[in-house]
Amino acid sequence: MTRIVYLNGQWLPETEAKVSIFDRGYMFADAVYEVTAVIDGKLLDHAGHAARLKRSLDALGIPMPVSEEALTDLHHEIVARNGLDQGLVYLQISRGAEDRNFVFSEGMTPTFSMFTQDVPLLANPKAETGLKMVSMPDGRWANRQIKTVQLLYSSLAKMEAKRNGADDVVFVEDGFITEASSANFHIINGSGVLVTRPLSNALLHGITRAAVLTLAQKADLAVEERAFSIEEALAAKEAFITSAGAFVLPVVSIDGMAIGSGKPGPLTAKLRRIYIEDQLAKAIGR
């Protein structure tokens with residue numbers, strides 16, 4: 001079945017949606033994106049993703065193409081048009097299109113696209129088996145708090161991890177873990193404390209990360225925001241990642257060395273459960 005996508009104010013079959021070869025998203029990765037999870041046709045944590053989208057656009061000086069209310073309506077509309085019960089809504093906004101030049105014109109009209117992906121988010125098999133990770137130097141650009149489409153390094157690193165029998169990569173900078181290829185990374189240390197990297201331009205300010213930390217504190221799990229090394233992660237009881245598409249997924253090894261028992265831990269399973277319960281209770285539909 002052909003998906004219906006949104007492009008610059010039009011609803012089109014995916015085969016008819018075209019973006020200019022001169023678009024700055026294509027030429028310079030001059031674009032941002034967001035991904036919102038959908039369960040039972042309802043949006044999860046949409047307000048957080050909308051707020052981060054605005055922050056990313058403001059940081060690059062790209063105007064928001066539609067109002068906040070219209071953005072929410074577009075999400076509901078694309079879910080309805082595609083009959084999406086469970087999956088993802090992906091949106092991308094570039095600065096727009098003009099002849100190739102490092103210096104861009106002021107007042108360009110942004111290119112705004114949206115599409116859906118049918119993904120079984122709740123029945124993720126990695127929630128039961130856990131993720132195997134490999135470590136690599138973090139060679140991404142210096143402003144990772146902006147959710148840009150500059151994902152080539154992450155993509156190449158994740159492909160290298162796959163070739164080496166791992167599921168994902170954990171990036172390391174100055175001896176400390178920053179995050180995974182497309183998710184925030186956390187550990188639960190030997191004292192039962194959830195340790196996570198503090199927010200900075202070294203990592204994406206994850207919407208799922210924020211929700212999980214709040215829920216962890218409500219569940220009386222101590223939280224500490226500080227940098228930590230691969231060695232500390234390997235000595236932890238548990239480790240996990242958080243993202244809009246993965247929710248909470250356990251990490252069971254790094255570089256072939258087991259974390260804890262080498263199996264998904266009980267606190268990670270609890271955080272995944274309470275996160276899903278909380279999000280389903282707050283999910284917004286039409």
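Start by selecting helix α5 (152–163), which gives five residues to the lining of the largest pocket, the most of any element. Helices here are DSSP runs of H or I with at least four residues, strands are runs of E with at least two, and both are numbered from the N terminus. You are looking at a predicted model, in which local features need pLDDT of at least 70, side-chain atom pairs count only at pLDDT 80 or more, and totals for chains, interfaces and linings use all residues. Residues are numbered from 1 along each chain as its sequence is written, and side-chain values use heavy atoms, with hydrogens and water left out.

**Stop 1: the largest pocket**

Now pick K158, S181, S182, A183 and S243, the residues nearest the centre of this pocket among its 45 lining residues. A pocket is an open set of points on a 1 Å grid over the protein atoms alone, where a 1.4 Å probe fits, with protein on both sides within 12 Å along at least five of seven lines; lining residues have an atom within 4 Å of a point. The space comes to about 1100 Å³, a volume being what is filled by probe spheres set on points joined across faces, edges and corners. Other elements giving two or more residues to the lining include β3 (31–39), α2 (46–60) and β13 (238–243).

**Stop 2: the second largest pocket**

Next, select L7, V19, Q92, S113 and F115, which lie nearest the centre of a pocket lined by 18 residues. Its volume is about 320 Å³. Colour β6 (111–118), as this strand gives the most to the lining, with four residues.

**Stop 3: helix α8**

Move on to residues 266–282. The 17 residues of α8 should span 24 Å at 1.5 Å a residue, and its end C-alpha atoms are 24 Å apart, so the two agree; the expected span is 1.5 Å times one less than the number of residues. Buried residues (under 20% relative accessible area, 1.4 Å probe, protein chains only) in α8 include T268, L271 and Y275. Among the elements covering them are α6, β13 and β14 (247–254).

**Stop 4: the cores**

Which residues have the most contacts inside the largest nonpolar core? Select L194, F240, F247, L271 and Y275, out of 27 residues in that core. A nonpolar core is a set of buried Ala, Val, Leu, Ile, Met, Phe, Trp, Tyr and Cys residues joined through side-chain atoms within 4.5 Å. A second, separate core of 24 residues includes F185, F228, A233 and A239. Finish at F240: leaving out residues up to four places away in sequence, its contacts (heavy atoms within 4.5 Å) include F185, L194, T268 and L271.

Key: Buried means under 20% relative accessible area, exposed over 50%, partly exposed in between (1.4 Å probe, protein chains only).
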